[in-house]
Every structure is written in structure tokens, then in C-alpha cells.
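Dear colleague,

Please find below the structure that I am handing over to you. My notes on what was found in it follow.

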Amino acid sequence: MIQPAQPELVTVTIDGKEVSVPKGTNVIEAARLVGTDVPHYCYHPKLSIAGNCRMCLIEMGMPMADRATREPIMDPETGKQKIGWIPRPQIGCATNVAPGMHIKTQSPLIKECREGVMEFLLINHPLDCPICDQAGECKLQEQATGYGRGYSRFIEQKNVKPKRTQLGPRVMLDDERCVLCSRCIRFSKEVAKDDVLGFVDRGSYSTLTCYPGKELANNYSLNTVDICPVGALTSTDFRFKMRVWFLKQTNSIDTESSVGANTVVWSREGVIYRITPRRNDEVNDTWMADSGRVLYKEVQAANRLTAISANGATATLEGAIAAAAELAKGGNVAVVGSGRSSVEEQFLTKKLAAAVDGEAFLVGRVGEGDGLLISADRNPNTRGALVTGLIDKLPESDLSALGAEIDAGRVKTIISVGEDLSAAGLSAEQLAKVAIVFIGTHGSDTTAAAKVVIPTLTVFEKNGSFINQQFRLQKFAKAIPGPAGAIDDLVVLDELIAALGGEATDGDLKSVWKSLNAEVSQLANVTYANLPATGLLLDSSAWAGLSFPEGESLHFKPAAAEASA
Amino acid sequence: MSFKTVERKPLTLAERTYIPQILGGMKTTFKHLVKPKETLEYPEARPAILPGYRGVPTLVMDPNGREKCVSCQLCEFVCPPKAIRIKPGEIAAESTNAHVEKAPEEFDIDMLRCIYCGLCQEVCPEEAIWLQNVFSVSGYSRDEMVNNKQRLYELGGTLPDQHFKWDKKKAAEEAGNDAH
Ligand code: SF4
Ligand code: SF4
Ligand code: SF4
Ligand code: FES
């Protein structure tokens, strides 16, 4: 890989502390590097600078020099060059650092400025916190506590603005709470490329609204809810469901496509309430698609499997494994792995295929990429199947090859790891000709036809990792416990491999990773525990010859395009 | 070791007759017969509870019959023994209180857990939860000891305060910005 050029560093002094920061950094980010918080509303690291909230005011000065001679002017008291302080505050978000710059973020003037700005922001702000979904993660609450004056001098009647406006199918707007930062407007314009929001009216009557005849309906609309620093924009799905301070945050990965957007799963006592994006500057910045945020609903779907069954009767795990092994021992077995399984599971699926001496299939899912955070490959982990060696070429979009094998009588038993075979193109007649062992999470025509069904866990209920389109290995963690009756996929696969006399591990991540280290050269030096939260880029040169379906998307260029560029 | 011999005085005649002692006892008895009663015939008679007493927590309505709780879940958060359980809900658009937006769908207080600390009352931003004068609770099962929303409002009744914060807000909303 080509290392990015080292950024040029400049030295600045922030509140008396000297710090070297990359050229072009603004004062808010530079202050963050020395651990100082410069409060702000409109600034967002991934959007253009608007400079309209005035919360980020700082004092700034440059070393003085004589105009005529360019000689530095020295301060006789300190023996250092004199600093020419600009006599009025500047906004930190739109001020980029320059060599020698001096910045004050804690002076009495700045304290007064912040109190003043907070007072103006709160003049017409409703007292909605008890019914406002943002409470607990609201920048206005936090900064009013941290930097406000603590009491109100405003006795006049507050402005009224539209409340409970449905901006789109998933976003609700309360204009009274809006602080007019314009983050949502800039996001729609700059990132989602769907310019539908704007302000109307002036001064304290300014109001956020959708352009006439438009609505905020694009598949990225919920990012405006995430970046809204206050409770003006709220999600209709999460609205009034639960207070954020009760929710536990668990890092996870979006399974919609091979982009692998980094996410946080918010749960309380085993129930998931929402999914939000997690910042990863190499993958998804701070965004994710709306469609990925409702995937948690599969956890409690009506067709969720919770009972082990073998030959039409409920069974114990041992019984089901024995029945499955009995079916597989007859030979003529095919294993259908899944691009939705984790790297660890795919590795065991490969071992399973070896144990039954059968061919391994994978179901390809190709849709249309949106150029942003949904790629053409709708399997989150096709690359994982390549890296672990489960497959060596890209999967077909259906199982017609397997269907032909069945018709020819060469396959008598199919072990499916989470794939719905009828949805993948096998006909009812073909399914009737084979014995099916299904290891997965949700019921379908396949489970109805299956001889053995073993329920397993969804991505929210287990630990594991995926490899995304960049060949970046990223891990997800268990947010909630699985439902009673469901068993960890690794345990099931492992028991089955052991029953078939294959190379079993201990059925946990640690032992699977030991084998992965030993057998997969790309993963030789990786340990699951040390995998960084932002993922690890793997060496992908071995698969450079494959023509992956993905087009260009955020932070990703297909290899072919890269070569021609 | 040395001993001190205590000299025991011989009883007087009056003491030996025992009559003054009996009369003294009778005096106390008769005094209490005519004195006003100090005790109550609990549970038929109950003491007057002073304002500010921390009895069973209850939910209250405002004088217009609007449920004051907006299910902000602060009391659930602050409750040290985790006795409170709330399922927040949205007020239907047809309701006269639709502008309040939020009200509890379910509200349970487990009186086997409640320690009568009064923190829920203290934290409530809407003055909706009050520890009132009921001090003894009993039931035949654990379930009976959980006060649900309906029971909490039965116990709570109406709080005769005159804030009408939400009514004022609605009036301002209807009057619009031209009113000032
Ligand atoms: S936006 Fe923040 S300050 Fe305003 S009502 Fe909501 S929680 Fe309170
Ligand atoms: S709705 Fe939120 S993000 Fe949009 S301008 Fe108002 S405060 Fe900013
Ligand atoms: S603190 Fe008050 S308003 Fe909030 S949920 Fe409890 S009773 Fe309801
Ligand atoms: S963050 Fe600088 S003006 Fe808003």
C-alpha cells in the first residue's frame, strides 16, 4: 500500500500549551488535540464550514513584527516576541492554524462570549427537555450547563414555530428546538446530494423547512437526525421509545452490503432500540444508510427460529447434530455457505465442507450500488469467504449449479449455513429430492423442508468479523443475548465437524482464530482482541484478478478504476 | 477485699399495711380513665398525616384532568432500588392534549422495592409523581404489590396547582407570533 504523504506540521500555542498540528487544521480540531473543548454547534468535521452559530469564539494573536524592518518586536518583560492579539473574538471553526499562532480558549472575554451566545440561543428555546428525544445527548443541554450563565433574564413571550412537522417518512422536525446551525441543510446538499432543506424567514423567525413539494426521503435522511445537535430533528422509528441514558452502546458493522459501515447498536436489557453510525474516516466517515438502521428488527421477527428440530420432532443439540451427521455420512453432500456469515463461521464452513468431502457453494447477492454507502455486493462478507478459502471465485447469483447437481443425482444432502435455498433458486422439487440440514436464524420454505433445523444467532447476538470491499477486516460485538433456544453458530458448526470426524476447534473465537492464524496467510499476525475498532486493511493482491461487482463509493475505488486512473 | 454491710431499715407501719401504695396506684389508674386517649384504634382509626409525609408514591392529574406525567423516565433513572418501570408512549393526535406529545403507556411501581426515599418526586420536572399519605400496603401476591398506572392515578388524585404550563403553551401556539 502507498503511504499517504506526511502532512506538513505547524506549531501553535493554545492556552499557553505548544502543539504541532497538521497545516489546514482549524482551531476546534487543534484544541481537541491538546484536550481542550471548544464548544460548537454548526461545525461538523465532515461538512463545509458555515460559521453561523458563533459558539466557537476564541481569541487569536500572531507574533508581532515591525512593519518597516520585519524585525520581531520583543516583550522586555518576558524576553519573548510580543503577541499582537486581535482585539475581538474570532470563530474557531473557520480559523485555520498558522505557524506561531497564539490562541486563547479560556479567557474572561471568551467566557463572557459563550454566556452571551448561549443566552441568545436559549431566548426562544422551548422548555421541552422532558418530552424531547434528544435529552441526554443534547449539545444545547450540555453546553448550557458547561458554558451558560445558569439563569434566564428573558421574561417576554417566546416565539412560536411549527412543531411536529413530518419532514419525510423517517424524520420529524420541531422548529422551536432548532438552533439554525444548518448542518442538516449542508448534509443534504453535500453528502446525500438531495438538496431539499432550507431556511425561510429572518432573524429569530428563521425556520427550517423543506422546499415546496419536496420531502426529506432519501436513504440517508436519518443522518440529519444524528448530526442535529439538538432535538429539532428526531427519528420516527426511535421517537419516544426509550431514553438514551438507559441504552448500552455496542460497536457493530452494517450488514447491508460490502461497504461495512461502522455502527453502534443501542440496547437496554436485551432489547435493541436503535442503530447509529460510528465514525470511521476510512470507511463511512460519520454516516450510514437509513435502510441499515432497521435491521435490528430481524432479532424479534415472527419467523425467528428458537427450537431445534430433527426429523420433524424437537430435539436436543446432541440429537440434532447426530441426525445431521447421519445424513451427511451417506456422502454426496453439498455445503451452502453464506456471504452473511462472519469470517470465523466461513472458516468453519470450509472445514465442514472438507469433513464431508463436499463442494462448497455461496449465494451471491448483487444489486445496484448507490455510490455512497451501499455497494453492489449485498453480502457483507464475500471477501471473507475468499480470504478463508471457502470459495476461490466470485459466487453466482443463484444456486442453479447446485440444482443441476441435484437433478443429476450427485447431491443427496445439503447443509445450509443460514441460506434460504428456495430463495436462492432451488425449486420445491429439487428441495424434495435432498435431505436438508439448516443452521440459521429465520424460518423459510427451506426450514419447512429441512430434516434438521438448528437455530443460531444474528449478528447482534454474537462476536465476529467481516471483510469489506476494501479488504478491511472489521469486528462486531455482541450487543444482546440470543433468544432462548438459539445456539452460537461456531458451536454448532464445530460440533458438526467433530461428529463428522473433521478438524474441529473449541467452538469459540479464540480457538478459531488460532487456526486462522496458522492456516490463512493474510491473517497470520492478526488477533481478534487486538483488531482496531476502525478495522485492519488486509493484503488483497491474491484476488486482484477477480472482477468484483462494486462500483465507486465513499472511500472506495474499484481496483480496475484505480489501475486506469 | 473488704465488705460494706448495708443496714436494712425496718418497714414503717404505713408500709406494712400496704394501703398508701394501693391508693397511689389507683390514683394513676383513675387519672388515665378520665384523661383524653393517646392511642388510636388502628386500623379502623388512622392518624392524620402531616403534609410532606413520604408515603406511597402516586401519579397525579392537573385540575383539568390531564395526566401530568410525560414519561420522561427521569424518576425511573433516579430510583435507587429500581422500583419504577415506564413504557413511554405518544399521545394520540386526536386528543386535546396532543400538544403535550408524550404520556406513559405503562407505569409500574413495585412497592416491594420502593424504599420511600422520595427521589422520584424530587426529580420530576412535571410535578407528576408525589409520595402521599398512604403508608401501609399489603397484598396476597407479588403482582398485587406492583401499582400499575391506573392504580397510581387512583391513589394520586388531582394536584390542585395552578401552573397550567401546557395549556399556556397551547394558547401561545394558537395565538402565534403576531400576539406579541
Ligand atoms: S433540544 Fe435539547 S435543550 Fe432543547 S428541549 Fe431538546 S433536550 Fe432540551
Ligand atoms: S434542525 Fe438541527 S441540524 Fe437542522 S438546523 Fe436545526 S439544529 Fe441544526
Ligand atoms: S419524572 Fe415525572 S414526568 Fe418524568 S416519568 Fe417520572 S413521573 Fe413522569
Ligand atoms: S462552530 Fe464556529 S460558528 Fe458555529
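A word on annotations comes first: UniProt positions are given in the numbering used here, feature names are shortened, and annotations may be inferred rather than shown by experiment. This is a predicted model, in which local features need pLDDT of at least 70 and side-chain atom pairs count only at pLDDT 80 or more, while totals for chains, interfaces and linings use all residues. Residues are numbered from 1 along each chain as its sequence is written, chains are lettered from A and ligands numbered from 1 in the order in which they are written, and side-chain values use heavy atoms, with hydrogens and water left out.

**Ligand 3 and chain B**

The UniProt annotation "binding site", from an unreviewed entry, covers Cys69(B), Cys72(B), Cys75(B) and Cys124(B). They span 56 residues in sequence, yet no two of their C-alpha atoms are more than 10.5 Å apart, so they gather at one spot. The residues around ligand 3 (those with a heavy atom within 4 Å of it) are Cys69(B), Val70(B), Ser71(B), Cys72(B), Gln73(B), Cys75(B), Ile86(B), Phe107(B), Cys124(B), Pro125(B) and Ile129(B). By class, nine of this shell are nonpolar, two are polar and none is charged. Here Ala, Val, Leu, Ile, Met, Phe, Trp, Tyr, Cys and Pro count as nonpolar, Asp, Glu, Lys and Arg as charged, and the others, Gly among them, as polar.

Cys69(B) sits in the loop between strand S1 (57–59) and helix H3 (74–78) of chain B; helices (H or I, at least four residues) and strands (E, at least two) are DSSP runs numbered from the N terminus. Cys69(B) is buried, because its relative accessible area is 9%. Buried means under 20% relative accessible area, exposed over 50%, and partly exposed in between, with a 1.4 Å probe and protein chains only.

Elsewhere in chain B, the peptide bond from Tyr42(B) to Pro43(B) is cis, with omega near 5 degrees, and Pro43(B) belongs to the loop between H2 and S1. Gln150(B) is part of helix H5 (residues 149–156) and counts as exposed, at 56% relative accessibility. The C-alpha atoms of Gln150(B) and Leu59(B) are separated by 9.1 Å, although the two are 91 residues apart along the chain.

**Chain A and its ligands**

Chain A has 565 residues, of which buried residues make up 53%. The secondary structure of this chain comes to 14 helices and 24 strands, and its C-alpha trace spans about 90 × 55 × 40 Å along the principal axes. UniProt, again in an unreviewed entry, places "domain: 4Fe-4S Mo/W bis-MGD-type" at residues 247–303 of chain A. That stretch is 0% helix and 35% strand, with its end C-alpha atoms 26 Å apart.

Among the residues around ligand 1 are His125(A), Asp128(A), Cys129(A), Cys132(A), Cys138(A) and Arg177(A). The shell around ligand 1 has six nonpolar, three polar and two charged residues. Ligand 2 is surrounded by 13 residues, the closest being Cys178(A), Cys181(A), Ser182(A), Cys184(A) and Cys228(A). Its shell divides into twelve nonpolar, one polar and no charged.

**Salt bridges**

A search of the whole structure finds 42 salt bridges over all chains, a salt bridge being a side-chain nitrogen of Lys or Arg within 4 Å of a carboxyl oxygen of Asp or Glu. One of them joins Glu176(A) to Lys163(A), with the closest N and O atoms 2.9 Å apart. Glu176(A) lies in the loop between strand S8 (171–173) and helix H4 (183–190) of chain A and Lys163(A) in the loop between H3 and S7, so the pair ties together parts that are 13 residues apart in sequence. Both Glu176(A) and Lys163(A) are buried.

Glu461(A) and Arg304(A) also meet in a salt bridge, at 2.8 Å from N to O. This pair ties together parts of chain A that are 157 residues apart in sequence. Glu461(A) counts as buried at 2% relative accessibility, as does Arg304(A) at 10%. Finally, salt bridges that share partners join Asp128(A), Lys163(A), Asp174(A), Glu176(A), Arg177(A) and Lys169(B) into one network.

Yours sincerely
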